[in-house]
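Subject: A structure for you to look at

Hello,

Here is the structure I promised to pass on. Please open it and keep it beside you while you read my notes below.

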Amino acid sequence: MSAPTVVAVVVSYNRAELLRCALDALAVQTRPVDRVVVVDNASTDDAPRVAREHPAAPEVVALARNTGGAGGFAVGIATAVTDHAADLVWVMDDDTIPTPSALSELLAAREAYDGDVAALCSKVVWTDGSDHPMNTPRSRPGASSADVERARAAGAMPVRSMSFVSMMIDAADVRRVGLPVTDYFIWNDDFEYATRLLRDRVGLYVPGSVVEHRTKKLGATDADPGPRFYYEVRNKVWMFTRSDALSIGERVLYGGSTLRRWVRTVRRSQDRATLARAGLRGLRHGLIRGPRPDTEVLSGVGAAALTVARLEAGASAPAPVPVGRIAQAAGPFVAGEPLADRRFSVLLPVYRGDDAAHLERAFRSVTTDQTLRPDEVVVVRDGPVGEELAKVLDRLPGLTDVPVSVVPLPRNLGLASALEEGLAVCRHEIVARADADDISLPARFAEQVPLVASGFDIVGSAIWEFDEDEHDRGLVRVPPTGAGIAVAARFRDPFNHPSVVYRRSAVAAVGGYQHLDLMEDYLLFARMLAAGAHAENITDPLVLYRVGAGAYARRGGRRLLASELALQRTLHDEGFVSTPQLVRNVLVRAGYRLVPERIRAAGYRAYTRRRGGYLSNDVQELNG
């Protein structure tokens, strides 16, 4: 079994020196952390600089305003899981100082435990070495003797809750239950999240893993909080009435414990009037309104809000491509240089979901039907396919005198990887894209290839939609042209992917296709434009685009919303879209993914026609 990827998340606010100590401690772990993420909650001291200059080289996620511990940990956990592909997320405050073996002890207990573990926590001590009462995990009520013995064999104890002061979470369980409730701000956010994680899963307290919690005082949870008692009361009411973290019996048990602690807090307070006002306000707000959605709470904090939204949109949400990939990519890219060699390849991917008859029609349209035939066709079989598709694939070389190469991939890798595999096989600089269910009109390559050879790096065209009968055509999608391509690209994909012809070196120069579910093409084209690619579109339709049943359904839903958010985050991080453009895109494009299919279809048709698209009867009316 390979070693898990551990990403440490430190939430920081105005404690620069403590943050430095925490980062120092993370840097000397006997089992090194794989990555450190510091979430800075709009600190006004030197904390951001300390983080950025620290030798541990953490990623610093700077929020535009203080979101409290709840918001900081939600952002940090989402960043670790979606941006850094963490297997385990180790979270802590900036006043948490892990001992050198803290991480290795947590991992050892996880490895030794006979079963799956959702979360583990460390023993928390104060600066004098005594147990810190603020961070005592609750043992699991009703744990069987077998459960206790299994945990003891791993050097641990089964627990029902734990704090964010050295809590290690399995990323799979983050995807299962989501993130901390951001609107809690402070207090009980870790209790609610831990109990939600561990309601039906195993949590372990590992006393061999020790961290020091450098609070100003050695205080318990019943210490006088002053006005902050508002958050304690409101959040507890939210938890007992609106969260599914606790069973009914547990709500009674922990509710009674909470009331006893509140009584002790009031008795010990030196300002009971302030405590009472804060408590009553928290009770009222807790009863009359619930926590707001994370995306609403995090509005305005920066691009990190999209990371949270992307994780919450679905477990399969792809991570954004790292910033600076364009600069790191290898390969020549001289925009606009004419080509003497006009030979070209056609790149056509196929997977098990394609229709055999559609594939054969698409193949004939890019070979025998073309007035300018390609010099080769590269067909990428993206994983195993059914019997009918396999028969057609075997028959393709005999349908044309154009050389055909079939690249069989042993398993389905997805469109981006399949296209990358195909590009590696293409022998010519000019490559025309084609899909297995679309039809290229006879003049397509004769119009596009000379443009690419003359100096353009990518050339697309309008496409004509149809359902099943290729002669019964519907909407024509007209793309932008000239300078309008770069302008439109800040809001939408300026090319119709099945229609493009490009230079292979121009694609390679910006890193090639990168997996971004259903939006690989948009990301690639945006990067090409950002790198200076010369681009053009032909306004005549050169491809018949098969819409088919469910086309508008595929343009919406959680899966595409996740990709949309990932795309917008990446384009913003790479400087392709500005912050106002980012906000506009998220509101319009992400919102479009969530409306009912019927509204989405009507809106799509209306918008397409406004930007130059047309139906065949529009042309007939214009021609009188």
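Why does Leu283 count as partly exposed? Leu283 counts as partly exposed because its relative accessibility is 37%; here buried means under 20% relative accessible area, exposed over 50%, and partly exposed in between (1.4 Å probe, protein chains only).

A word on the background: this is a predicted model, in which local features need pLDDT of at least 70, side-chain atom pairs count only at pLDDT 80 or more, and totals for chains, interfaces and linings use all residues. Residues are numbered from 1 along each chain as its sequence is written, and side-chain values use heavy atoms, with hydrogens and water left out.

Leu283 lies in helix 10 (residues 272–288); helices (H or I, at least four residues) and strands (E, at least two) are DSSP runs, numbered from the N terminus.

Next, have a look at strand 9 (residues 203–213). Eight of its 11 residues are buried, so strand 9 is largely enclosed by the rest of the structure. Strand 9 pairs with strand 6 (residues 119–125) in the parallel sense over seven bridges, where two strands pair if DSSP finds at least two bridges between them. Lys123 has Val210 as its bridge partner in strand 9. With strand 5 (residues 96–98), the pairing is antiparallel, over three bridges, and Ile97 is partnered by Glu212 of strand 9.

Finally, Ser499 sits in the loop between helix 18 (484–489) and strand 17 (501–503). Ser499 is buried, at 0% relative accessible area.

Enjoy exploring!
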